[in-house]
Amino acid sequence: MDFFESQDVARRKTSLLVVYYMLAVALIIVGVYLAFAATFLGVQAKTGGETDITQLWNPLLALCVVGGTLAIVLLGSVFKIAQLSSGGESVARMLGGRPVEPHTNDPQERKVLNVVEEMAIASGIPVPPVFMMDEASINAFAAGFSTSTAVIGVTRGCVEQLSRDELQGVMAHEFSHILNGDMRLNIRLIGVLHGILIIALIGYGIVRTTAGSRHRSRSSNDKNGGNMPIVVLGIVLMAVGYIGVFFGKLIKSAVSRQREFLADASAVQFTRNPQGIGGALKKIGGFADGSRMDSSHAEEARHFFFAN
């Protein structure tokens, strides 16, 4: 197997998938515009005005929707990324990790620290802090914006269930993510996904607020019916937002898969031992707890992990 060729293919495919993610955001903007345009047509029909399907296109409305939607997605993304601005430590703590002290006397913790130091030397990267997650499953991740803010997260099950060679293969895999800048891409994907989710949350807020207003206002049928276009707008925004999240997750998974191929190839480069990472994957497949993570934030950060 040509590992360098595998790395090049993975990088090219990742770039293409990021473009697909941008196209998904563009489709959401189109959906939001159609939701607003249809709502305005409905209001116009309700007030007795003439309506025509050609009125769906409104350049001023399109400009406002594009600018507003991009601003909401951007602000939501920036907010989420700001929460993770301290680097990998914030991700590790979010997932329930605790720092492993450099002078620990725990033999399992000592083992993972030694392996991390070995892989740092092999990859030419500064030794990152290690965070332990007290979960029985076998899993690990690397997170951070740069080599100076990177951390390695590992479950206790990963340290206890894997042999030294297998643990070395997993750690080499994670060091590839640090070396190739995958961590930065992964954190940005969390931010972009959060920005898209805000569209759905806004739709939910509109539906909830309008429904509450209709419940409180029972004195007039006209008043009750007048809110219907707004309710429809909220429902459509929810649908558009969650469709965007769905496709965003698919693209994020595809990006993650390509980077995982790259990391597997690099892991063999660092360890010169393909049986290490291969044995780890076999143990995960046959282990009762597998690679399952119980953290409430596991779904949000699923693309960070060594295994699904």
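Accessible area here comes from the Shrake-Rupley method with a 1.4 Å probe. On that basis, the protein chain exposes about 15,400 Å². Carbon and sulfur atoms supply 61% of that area. One caution before we go on: this is a predicted model.

Let's start with the overall layout. The protein chain has 308 residues, and buried residues make up 47% of them. There are 10 helices and 4 strands. Along the sequence, the pattern reads α-α-α-β-α-β-β-β-α-α-α-α-α-α. Now the contacts. Take those in the protein chain with a separation of 6 or more: 74% of them come from residues 24 or more positions apart.

Next, the sheet. In what order do the 4 strands of the open sheet stand? The order is β1-β2-β4-β3, and the pairing is mixed. β1, residues 98–99, and β3 stand at the edges. Each has a single partner strand, so one side of each is left without a neighbour in the sheet.

Now the pairings, one by one. β1 and β2 run antiparallel, joined by 2 bridges. P99 has F131 in β2 as its bridge partner. β2 and β4 pair in the parallel sense, over 4 bridges.

α4 touches β1, β2 and β4. The direction of α4 makes about 140° with that of β2. α6 also packs on the sheet, touching β3 and β4. Its direction makes about 20° with that of β3.

Stay with β2 for a moment. In a regular strand the side chains alternate between the two faces of the sheet. Here, V130 and M132 point one way from β2. F131 and M133 point the other way. Are these four residues buried or exposed? All are buried.

The largest nonpolar core holds 34 residues. Which of them touch the most other members? They are V112, V154, V170, M171, F175 and I178.

Take V154 as a worked example. Leave aside its neighbours within four places in sequence. V154 is then in contact with V112, V130, F131, M132, M133, N139, A140, V159 and M171. Another core, of 21 residues, lies apart from it, with A24, I199, L237 and V240 among its members.

Last item: aromatics. A pair of aromatic rings is described by the distance of the centres and the angle of the planes. How many aromatic pairs does the count give? It comes to 1. F141 and F305 form that pair, and the geometry is edge-to-face. Centre to centre is 5.8 Å, with 85° between the planes. Both F141 and F305 are buried. The pair links distant parts of the chain. F141 sits in strand β3, while F305 is in the segment after α10, 164 residues apart.

Methods. Residues numbered from 1 in each chain as written. Predicted model: local features only at pLDDT ≥ 70, side-chain atom pairs only at ≥ 80, totals over all residues. Heavy atoms only, no water. Core = buried A, V, L, I, M, F, W, Y, C linked by side-chain atoms within 4.5 Å. Buried < 20%, exposed > 50% of the residue type's maximum accessible area, 1.4 Å probe, protein only. Contact = heavy atoms within 4.5 Å. Pairing = 2+ DSSP bridges. Axes fitted to C-alpha atoms, helices over the stretch in contact; angles between N-to-C directions. Phe/Tyr/Trp six-rings, centres within 6.5 Å; stacked < 30°, edge-to-face > 60°.
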